[in-house]
Amino acid sequence: MNERKPLVLIADDEQSASVLLTRIFEREGFAVEIAKDGEIALEKARSLRPDLILMDVQMPKINGFEVTRQLRDNPSTARIPVIFVTAAAREPSDVAHGLKLGADDYIRKPYNYHELLARAQSKMRARQLEDRLQRRSEELEALVRIGAELNQRLGLEDLTELILAIATQEFDATYAELVLFDPQGRPILVRDNQNGMLAPDTVFALLENPNSLLAAVYRTGEPLLVPGPGNSPGTLAHLEQYGLSSAMAAPLKHHGALLGTLIVGLHSGRSLSGSDLRMLRLIGEQAALAVRNAQLYAELQNYAQTLEDKVQQRSRELQAAQAELIRTEKLAALGRMAAGIAHEVNNPLQPILNCLEVAIEDSEAGRLVDSEILRVAENEVQRIKSIVSRLLDFARPGNSEHTLVDVHELVNEVLILTAKQLERAHVSVYANLSDAPPVSGNSTQLKQVLLNLVLNAMEAMPGGGDLEVSVYGEGGGTVIAVRDTGVGMDEETVAHIFDPFYSTKDEGTGLGLAVTYGIVEGHGGTIQVESSPGRGTCFTLWLPGANQMSASRV
Ligand code: ADP
Ligand code: MG
């Protein structure tokens, strides 16, 4: 790095003295400026900001004390070290006065120039240290502020904008650019303070150009400074592309991995320095942390979304499985009903056969066929037809269409469908149908629910008993209660009856109540059971009224 020579301002009206001092300092590698009076001294101190002032006390226009006082009053010159050079004859009180005004030291004429140099150097070193400390603490303060600001942003978009804004402001930069890389080192985000977001492929060329700042940092993972065009022909490409006169770049690293690069450039005027680079590196560290946080946050959100998708997928699968269960149970119920149905169909067949026989005999004997007899046969055929159509109704593949369902009609249909079976099982049926609002639902599914409850009740009364089906309105919806005087259940059994495949019967599928539960839930309803062993069971179903149903679907 090329440091400029330290500058000493010699304020002395005596030409011989200043010539001598100039020699001494120049020989030691200082640059020297001369001021012949206090006014010029003040002016040069303000414009040149020397690293040290050697100040004669007795000077024309403004004396050394006054110059010092004015320097100290102005923040831009307040910290320049001042050494008074006083005539030996002067009073010690003068020295005290000078020191009080803010001089850093004094030396009496005639002086030993080794001593003068040593003092000058020590004052300058002290001031440099002080300056560095001051800068350091300012940097630290800025970093704490920057870190806090950055960590408030969890969105990557927002965050990258802020990083560029901070870099631009911190260095008064004309150009600032942030590139983020994926774990494979491919650019995934490019943004600069002039164009905003850019497509990642806009930096491909720079990444492949060994003379670009971007490529240099990408390769080494180290910060890099190009103070001016003359200094580093090796990294000129980047500067040329953006018309910069001075630029620097720092990596965004997290646990050794390169997350990105931050580049800052100036168009003209000031050139960037080593301390700028140090600051940029520290900003890069803060930015890397914040970027990593934002990425983790995004990953987490993504994960949550995936999880939600998975849950949705699973519930779709469950719904499909449930539909399959409904189908299976329907087949099982159908099988169990088949025997009863066969009987029901068989019953009217005999009278039909009898009627037909009589009719054939009459017609063969040339007699008029008795239409009364044919009427009886027709009635019996109608009966079979209605049994078959009800059966078909039930066996028809279910759709998920919801319509207004009249619960009284529903109960009647199921009771008619099971009437013969119940009769043969010596079960007396009581229906108490009070007023109840229609429900919005799938009538096939609701029929199946009721059929399950009625068949279960019947199966719970092997020696016969009473079956009571009640319907009434409650809470804006409709209650269907199915009560039997059967064997009942203990608590242990009740706890499991809605589990699929739970059955206490030799021929049971254990699906009836599981399916029932699913259908009732799908309708936004509830199902409850009360039972006592040896006395009977009551299933109470509640379905919301049509206007209460929201979006639930089976
Ligand atoms: P399945 O009828 O094929 O056994 P369900 O799911 O319909 O399957 O019924 C599960 C079990 O619940 C039955 O095995 C029986 O133990 C019990 N259960 C259901 N309804 C009644 C009832 N009304 N009275 C007594 N027990 C019943
Ligand atoms: Mg059952």
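1. Helix H13 makes the biggest contribution to the lining of the second largest pocket, giving five residues. Helices (H or I, at least four residues) and strands (E, at least two) are DSSP runs counted from the N terminus. A pocket is an open set of points on a 1 Å grid over the protein atoms alone, where a 1.4 Å probe fits, with protein on both sides within 12 Å along at least five of seven lines; lining residues have an atom within 4 Å of a point.

2. A word on conventions: this is a predicted model, where local features need pLDDT of at least 70 and side-chain atom pairs pLDDT 80 or more, while totals for chains, interfaces and linings use all residues. Residues are numbered from 1 along each chain, chains are lettered from A and ligands numbered from 1 as written, and side-chain values use heavy atoms, without hydrogens or water.

3. The second largest pocket has a volume of about 570 Å³. Among its 28 lining residues, Asn456, Met489, Thr504, Lys505 and Leu513 are the closest to the centre. Besides H13, helix H10 (274-364), strand E16 (477-484), H15 and E18 each give two or more residues to this lining.

4. Ligand 1 takes up the space of this second largest pocket. Of the 19 residues around ligand 1 (a heavy atom within 4 Å), Ser503, Thr504, Lys505, Gly510 and Leu513 come nearest. Helix H13 (443-459), helix H15 (512-522) and strand E18 (536-543) each supply at least two residues of this shell.

5. Now the polar contacts (N or O atoms within 3.5 Å). Oxygen atoms of ligand 1 lie 2.6 Å from a polar side-chain atom of serine 503, 2.9 Å from one of asparagine 456, and 3.4 Å from a polar backbone atom of glycine 512.

Terms used
Polar contact = N/O pair within 3.5 Å; in protein donor to acceptor, adjacent residues only side chain to side chain. Sits in = over half its atoms within 2 Å of the grid points. Points joined across faces, edges and corners; volume = space filled by probe spheres on them.
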